[in-house]
Amino acid sequence: MKELYQETQDHRFKQMPCIYVDFESDRKMKIAHLIENEQRQDMCFWDKACAYQLMCNEIQAEYADELSIRDLALRLSVEGLQISNKTLNLFVFAHKNLVHLDELAFSLSNSKTTELRKLFHELKEFYGEAAIDEVWPKSLNEWASEQIVTAELDANEPPRVSRRPNFLREYPNE
C-alpha cells in the first residue's frame with residue numbers, strides 16, 4: 001500500500017481499513033478456506049470429500065483410539081464445520097473407495113456415490129471381506145465405463161471443473 005501511495009499520491013492508498021485476525025493454526029485456516037469455498041459453491045463433491053478426509057485425518061491424529069464418524073462430525077462441528085454424519089460418511093467412503101475413478105471422481109455427486117456405496121456393500125456381502133480388494137477396482141472400472149458410454153455420470157449436475165483449494169494440492173488424489 002505504501003508503494004501505491006508513493007507512486008500515485010492517491011489518498012485511497014494512504015490508509016486502508018482492515019480487520020486483523022490473529023493466526024491460530026493451520027487447521028483453523030484450512031477450515032476457514034473450506035467454509036468459504038463451500039459458501040461460494042466452488043467445490044465439486046470429490047474435492048469436498050478430499051478436504052473433509054484431510055480434516056478428519058488431522059483430528060484423528062490427536063487421538064489414540066479411532067474416532068467414529070459421529071465423533072469426527074462432532075469435532076468438526078466444534079471447529080466450525082457443520083456436517084451431518086450421513087454426508088461425512090459418504091465423503092469418507094468416497095475418498096477411501098473411489099480413488100480408482102481418477103478424473104471421473106471429479107464428476108461424482110452424493111447420489112452417484114450413494115449408488116456406488118450400495119454396490120460396494122453388495123459385492124462385499126457376496127464375495128466377502130477378503131476378496132473385496134480384488135473385486136472392487138474391476139467392478140468400479142466396469143461401472144465407470146458404462147457411465148462414460150452413456151454419458152450419465154451425473155444427469156442432474158453438469159461435471160464441474162475442480163477448483164481445489166491450495167491446501168488440498170498437497171493432498172493428492174492417490
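Me: Why does Arg40 count as partly exposed?
Reply: Its relative accessibility is 47%, and partly exposed is the range between buried (under 20% relative accessible area) and exposed (over 50%), with a 1.4 Å probe and protein chains only. So 47% puts Arg40 in the middle class. By the way, this is a predicted model, where local features need pLDDT of at least 70 and side-chain atom pairs count only at pLDDT 80 or more, while totals for chains, interfaces and linings use all residues. Numbering starts from 1 along each chain as its sequence is written, and side-chain values use heavy atoms, leaving out hydrogens and water.

Me: What makes Arg40 and Glu36 a salt bridge?
Reply: The closest N and O atoms of Arg40 and Glu36 are 3.8 Å apart. A salt bridge asks for a side-chain nitrogen of Lys or Arg within 4 Å of a carboxyl oxygen of Asp or Glu, so the pair qualifies. Glu36, at 37% relative accessibility, counts as partly exposed.

Me: How many salt bridges does a search of the whole structure find?
Reply: The search turns up 8. Among them is Arg27 with Glu62, whose closest N and O atoms are 2.6 Å apart. Arg27 sits in helix H2 (residues 26-39) and Glu62 in the loop between helix H3 (45-60) and helix H4 (69-79), so the bridge ties together parts 35 residues apart in sequence. Arg27 and Glu62 also belong to a salt-bridge network with Glu79.

Me: Is Arg27 buried or exposed, and how do you know?
Reply: Buried: the relative accessible area of Arg27 is 13%, which falls below the cut-off for that class. Over the protein chain, buried residues make up 39% of the 174 residues.

Me: Which helix holds both Glu134 and Lys138?
Reply: Helix H7 (residues 132-150) holds both, 4 residues apart, about one turn of the helix. Glu134 and Lys138 form a salt bridge with their closest N and O atoms 3.9 Å apart. Glu134 has a relative accessible area of 56%, so it lands in the exposed class.

Me: How many helices and strands are there in the protein chain?
Reply: 7 helices and 0 strands. Helices (H or I, at least four residues) and strands (E, at least two) are DSSP runs, numbered from the N terminus.

Me: What makes H2 roughly antiparallel to H3?
Reply: H2 and H3 pack at about 155°, their axes 11 Å apart. Angles under 35 degrees count as roughly parallel, over 145 as roughly antiparallel, 65 to 115 as roughly perpendicular and the rest as oblique. So about 155° makes H2 roughly antiparallel to H3.

Me: And why are H5 and H6 called roughly perpendicular?
Reply: The axes of helix H5 (residues 85-97) and helix H6 (residues 110-127) come within 10 Å and cross at roughly 65°. That value falls in the perpendicular class, so H5 and H6 are roughly perpendicular to each other.

Me: What is the phi of Asp102?
Reply: Asp102 has a positive phi of about 50°, although it is not a glycine. Asp102 lies in the loop between H5 and H6 and, at 54% relative accessibility, counts as exposed.

Me: Where is Gln9 found?
Reply: Gln9 is in the loop between H1 and H2. Its phi is positive too, at about 60°, and Gln9 is not a glycine either. With 48% relative accessibility, Gln9 counts as partly exposed.

Definitions and conventions:
Axes fitted to C-alpha atoms, helices over the stretch in contact; angles between N-to-C directions.
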